[in-house]
Amino acid sequence: MKHYIISVIVLLYALPAVAEVTLQGRVVPPEGVEPGSLSVTLFHEAPTEVEEESLRRDTIRVNERGEFELRAEPIESTQIEVTGPGVRRARFPWPADLAGDETRRAVFDLEPGFAIQGSLRDLETLQPLGGVAIGPVSPGPDASRSTMEKSFPFFETGSGDGTFTVEGLAGETSWILPFRLEGYERQVLRMQPGLDMTISLRRGGASLSGTLVGSRSLQPQGLRTVLLQGGPRDFHIVRRTTAEGAWSFDGLPAGEYLIAAWSQEKGTGPVQSHMVVQDGAIEGITLLYPEGIRITGMLADGETGDAVSNAEVVIGELRAMSDPEGHFEVYPVEAPWPKEISVLHPEFAFFGEDQNSEAYPFDGTDGSDLDTGTLLLRRKRVLEITVEKREESDEPTGGIAEVFGPFEGMKENVQRTRISGDYGAIPIQYAGTRAVVLRGTDDLVSDLQFVSTGLRETTTTVTLKLDVGGKLEGALTYEGEGVDPVAPRFEVVIKGEHSEGRETFVLRESDPASNGTFNIPALPPGEYVLRLERDGGEPWIQERIEVKRGETTEFVRAIPRGVPVAGFVLNSSEEPLREVTVSAYGRDPLGGSVHLKDVSDAEGRFEFDGFGGETIELLTASHAVHGEGELRTVPIPDEDIKLVLSAPEGIRVTIPEGSPVANTGEAILLVARERPVRGGVSQWFYEMDSRESFAGTTEAVLRPHATGRTRIAAGANSTWTVSDAFDWVQGGEEKSISLNPAATARLVCMVENISSDELSDLEVILLNTALPESMARTEFEVSRIEGNELWFDSIPAGEYLLMAYAPDGETTAAGNIDVGENQTVRTSLKMESPNVDLVGRIVKGDEGLEGVRVILREGDIPEPPVLFEAVSSADGMFTFYPLTENRRYILTAEYETGESTWPFVAEPNEDGIAVREFVIVDAMEVELAFPDSLRNRVLQPGPPILLQGPQGTETRMLPTPLENFRVQLTPGTWSVYHGEEGIGTVTIDRNTRVATLSPL
C-alpha cells in the first residue's frame, strides 16, 4: 500500500535588506472594540508550521485613536499582524507605496474575532500544567473557503496557572488545537470558539527519531523539514533537522505514523510507516531527502510506431534531445509534482490525452526514478486553403477563413486565419468533418464547403471562391399591437448541416443587445436551421430556412406572451421565509417544457414570467430548518400562491431545572456508522448531525437531517451525557428525551484467561464512541482493580469500546457496550493468546515458487495494516508466527506474472502449527456473455460490472457500456454484480473461452 503525505507549508526567506523607512498606520476595529487594546507586530517571514520555531517579532501597542508607527527595513515578504481581544487575527502585506510618506496613513480594517479558552491539567494528579505549547492553530474541516484564505498557522503558550486563551479566531467554524508539553503525550482537539474546556494530558508518550540524508548523496541534510502524520489523533507535525541532519518527534500516543522529508522546491521524499507502542521509542530511522529524480522514456510516431529522433523534450526548466532510437533522459527533475511534459519537433506534436494515464503526468513524490515507457506523438497536419478569383474581377481575393469543427467528442470550436492573396493554411490535429467558409470585404462570402480530414493525410486542400452572399433579417415579438420585442434573453443561432445530416456548425449568433431583432449579412447560400433560444439553451423556435445568393431572407415571428406567476414562501406558522430557492416546472407559451427558478425576497415573495397553458406542473422549495414544500398541478391563478414548508419532525430534549449547563449547553443529535475494529468486533461510531443551544432554558428541539441509529447528547464543556440509541425515521412522530448532563455511570469488566499479576500489566483503553472527540473527553482509564475485575468509575453515559493489550501481544476487544445514566454495567473480556505458527508454501503446478513476496494481514478489519512480510525460499516455503487461533487472516502473494490473495482461518494441528499450501492459478482471457434479458441492461450507461472471485477477495471491474466483455479470470465460480446488485454467476475451467452468465 502506498502512503502519501500531503502538506502545504509556506516558507519565504529574506531578500537583501533595503533602507529603513517609517510607516504610519491606523487600524479600524469592529464596533465595541477599543483600539488601545490592540497590538501590531512586524514579520519579515511568512507563516510557518514548524513547531519549534517562533517568528514573533517586537510588538507595539496601538494608541487610543487606533494609530501606530513602524520603522523597519521592509523586504518582499514583510507583513504586518494585528491582534487583540475582540478582533480576528489578521496579516497585511507591507504597503510599500505609503512607507516613508509622512502625509498619509495606511488604514487596516479589522473583522470581529472570537476566543477559545480552557485549562490544562495532569491526567493523574489533576494538577494544573503551565507553559503548554499550543499550535499550529488551524481551521477545522468545516471552515469556509474565505476562512481558509484569511487563516495562517500560529502558536500560543499556556499560562503558568494552566489556563490558556487563543484569540483572534473566526467564530463560524471550529479550530484544530494541538497541545504539547515535554514529558507528556501530545493531544489535539477540535474546539469551537466560546467553549471553555478542561483538557487532561497523560504523562509519557512514544518517540520516533533518526537522521535525514540525501536520496542520492546519502549525506546528512541539516536544517531540512520533516513531516509526521497519523496516530489516533490524526496528528500533523512539522519539525526541522539539526545541522547534523538529526530529527525527532516525542510525546506520541501509541499508533501508526507516516513520516517523510519535505521540501517546498523538491516535494515529499519516500514515505515510511512506523507503529509505536505506548511510551515506546524507535530510533535510528533513516529518511531520504529528495535530491531530484531521473525521467527516461522513448518517443514514437503514434500511427506507425517508428522512433522519433531529434525531438526536444521539456520538463519544467530542463530540456533534452531524443537520440536516433527515440530515447531521452532528463535529470535531475524536482518538485512540485506532478510534472507536465512538452515535446518540440517541426513535424510532430505532443498531446497529453494520447498518453498512458498511469505514466502521464509524471509524479515523483516517492523519490524513485521514472521510466515513462513510450510517449506517442502525432504527425502535424495542415488544412490548405486556396482562393479562386472571381471571373473578370480585379477585387482582392483574400479575407478571413473560418474553419468549424470537428465536434465529435469535443467542444464546438472555430479556427480563424487571415488569407492574403490566394493561399493560406490552418494547422489541424483531429480527424473528422469540418465546415470551411471564406469571408471577404463587404458582403462577399464563399460557399460553405465540407471537408473530411483523416489521420493518414498530412495535408488536406480545399478551394474557395468569393461571391455575393445572402442576408437574414428578422425579429421576435410578443403577440399584440404595440408590443415591444422579446427581451434579450433570446439568442438567434444559425447552424449549417452536413449533407449526411450528422454534423452541425454554428455560423453566426445574434448580438444579445439586439433586443430580439437580428440582421445577419454575408451568409453562404444554403439551407439552415434557425434556432431562437432561451437562457437555458432550450430552443423556443426551431425552423428550417433557405438563404439565397444576393437575396434577403426575412424571418418574423410573434409568440404568445407568457403568464406571470407569483406567490410567497411561508413556514408552518405562515411567516415569510427569505432566500429560499423556488423551482417551477411547466410549459412555455409554445408548448415546450420549461423549468424556472427564483429566490424569495425579504417578504418571502417569488415571481416567474413566461408560463403557458393553464397549470404549473410542479412548484417546489426546500429550507434546511423549515423543511420542504411542493404543490402539483397548480392552476395558474389570478392571485398569489402560498407555498407552505413543513418543518421536519423534531426531537425535544430537556435537562433538569437549575442545571449548570443551561446557559452554555447544547443538545446535539448524533448519527451512527458501524465499522469493524479488530478480531471480528464491530463498533458504532457517532458523528454530529445537528445541534441546538439551550440558551438559558431547559429545553431544545433538534430536527434531524438523517435517518437510522441515533443518539442525543446534552451538555457543555467537559460535562456531557448521552441518551440510549434509537432508530429515527423521517415522518415519525415528535420524540421527547430527558437527560441529566451531571449524571455518571460505572462499567465493571471481568477479564478471563489471565492471572491477577498479568492483569496489572494490561494496557486497557475504554473509548466512548458515542461522543465525537471534538466535543468532550472520550478516552478513560481503569479507576481500580478488584480481583480479576477492571472498574471504570464516574464515566458519562454512552456507547463504549473496550480494548486490552498485553505485553506478549495478546489482544482482545469488546464493543457496543451500552452504559446509561446512573447505571452500573458489567461485561467481560477473554484474552486470546497468539499461539499458532503458520508454515506455508507458495505452489504453482507441482513446484514451490522461490522469491515470492508474501504479505499477511488481519481479515476482519477494513484496510488492515501489514502484520508480517516474508520472501519464499527455494521450495516456496515461508513461516509466520505467532498467530491467534481461529482468527481470520488474508495472505497475499506478489510474483512476476501477477498477484493472488487467499483468506484463511488459523486452525492449528495438535502441535499448534497451521500447515497450508497456497496454490497460484494463472488467469486466462475469457469473454463474458450475458443472456438477452440482461445484455441490454448492462450495456446502458450506468454502474460498472464487478466480479468477485472464488478466493472471496479477488475482484475485477469492467465499465459499461461495452459490446464484448473480455477479462482475465482464474478457474472457479465468480459472482457477478451490476453496481452493488448481484445479477448472476459464471463458472470457469481450463477449457472455457466464452463464459455465459447464469442469472440469479
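Student: What makes Arg65 and Glu67 a salt bridge?

Tutor: Their side chains meet at 3.2 Å, N to O. The term asks for a side-chain nitrogen of Lys or Arg within 4 Å of a carboxyl oxygen of Asp or Glu, so the pair qualifies. This is a predicted model, in which local features need pLDDT of at least 70 and side-chain atom pairs count only at pLDDT 80 or more, while totals for chains, interfaces and linings use all residues. Residues are numbered from 1 along each chain as its sequence is written, and side-chain values use heavy atoms, with hydrogens and water left out.

Student: Why does Glu67 count as buried?

Tutor: Its relative accessibility is 19%. Buried means under 20% relative accessible area (exposed is over 50%, partly exposed in between; 1.4 Å probe, protein chains only), so Glu67 falls on the buried side of the cut-off.

Student: How many salt bridges does the structure hold?

Tutor: The count is 44. One of them joins the side chains of Arg186 and Glu51, at 2.8 Å from N to O.

Student: What parts does the pair of Arg186 and Glu51 tie together?

Tutor: Arg186 is in the loop between strands E12 (175-180) and E13 (187-191), and Glu51 is in the loop between strands E2 (39-43) and E3 (59-61), so the pair ties parts that are 135 residues apart in sequence. Strands here are DSSP runs of E, at least two residues, numbered from the N terminus. Arg186 has 6% relative accessibility and therefore counts as buried. Glu51, at 7%, also counts as buried.

Student: Where do Glu799 and Arg711 lie, and why is their pair said to tie parts together?

Tutor: Glu799 and Arg711 form a salt bridge whose closest N and O atoms are 2.6 Å apart. Glu799 belongs to strand E66 (residues 798-805) and Arg711 to strand E57 (residues 708-716), so the bridge ties parts that are 88 residues apart in sequence. Glu799 has a relative accessible area of 0% and is buried; Arg711, with 2%, is buried as well.

Student: What joins Thr41 and Thr59?

Tutor: Their side chains are joined by a polar contact of 2.8 Å. A polar contact is a pair of N or O atoms within 3.5 Å (within protein, one must be able to donate a hydrogen and the other to accept it, and residues adjacent in sequence count only if both atoms are side-chain atoms). Thr41 is part of strand E2, and its relative accessible area of 1% makes it buried.

Student: How many bridges join strand E8 to strand E11, and in what direction do they run?

Tutor: Five bridges join E8 (residues 114-122) to E11 (residues 163-169), and the two run antiparallel. Two strands pair if DSSP finds at least two bridges between them, so E8 and E11 are a pair. Gln117 stands opposite Thr165 in E11. E8 is also joined to strand E14 (residues 196-201), by six bridges, but there the strands run parallel. Asp122 has Leu201 as its bridge partner in E14.

Student: In what order do the three strands E42, E39 and E45 form an open sheet?

Tutor: The order is E42-E39-E45, with mixed pairing. E42 (517-523) and E45 (552-559) each have a single partner strand, so they stand at the edges, with one side of each left without a neighbour in the sheet. E39 (residues 470-478) is joined to E42 by five bridges, and these strands run antiparallel. Gly470 has Leu523 as its bridge partner in E42.

Student: Why is the pair of Phe878 and Phe880 called tilted?

Tutor: The count of aromatic pairs is 13. In this pair the ring centres are 5.2 Å apart and the planes stand at 55 degrees, so the pair is tilted. Rings of Phe, Tyr and Trp (its six-membered ring) pair if their centres lie within 6.5 Å; planes under 30 degrees apart count as stacked, over 60 as edge-to-face and the rest as tilted. Phe878 is buried at 4% relative accessibility, and Phe880 is buried at 3%.

Student: Which residues do ring pairs link into a cluster?

Tutor: The cluster consists of Phe868, Phe878, Phe880, Tyr889, Trp902, Phe904 and Phe918.

Student: What sits over the ring of Tyr331?

Tutor: The charged end of Arg294 does, 4.2 Å from the ring centre. The rule requires NZ of Lys or CZ of Arg within 6 Å of the ring centre and within 35 degrees of the ring normal. The charged end of Arg557 likewise sits over the ring of Phe555, 4.0 Å from its centre.

Conventions: Helices (H or I, at least four residues) and strands (E, at least two) are DSSP runs, numbered from the N terminus.
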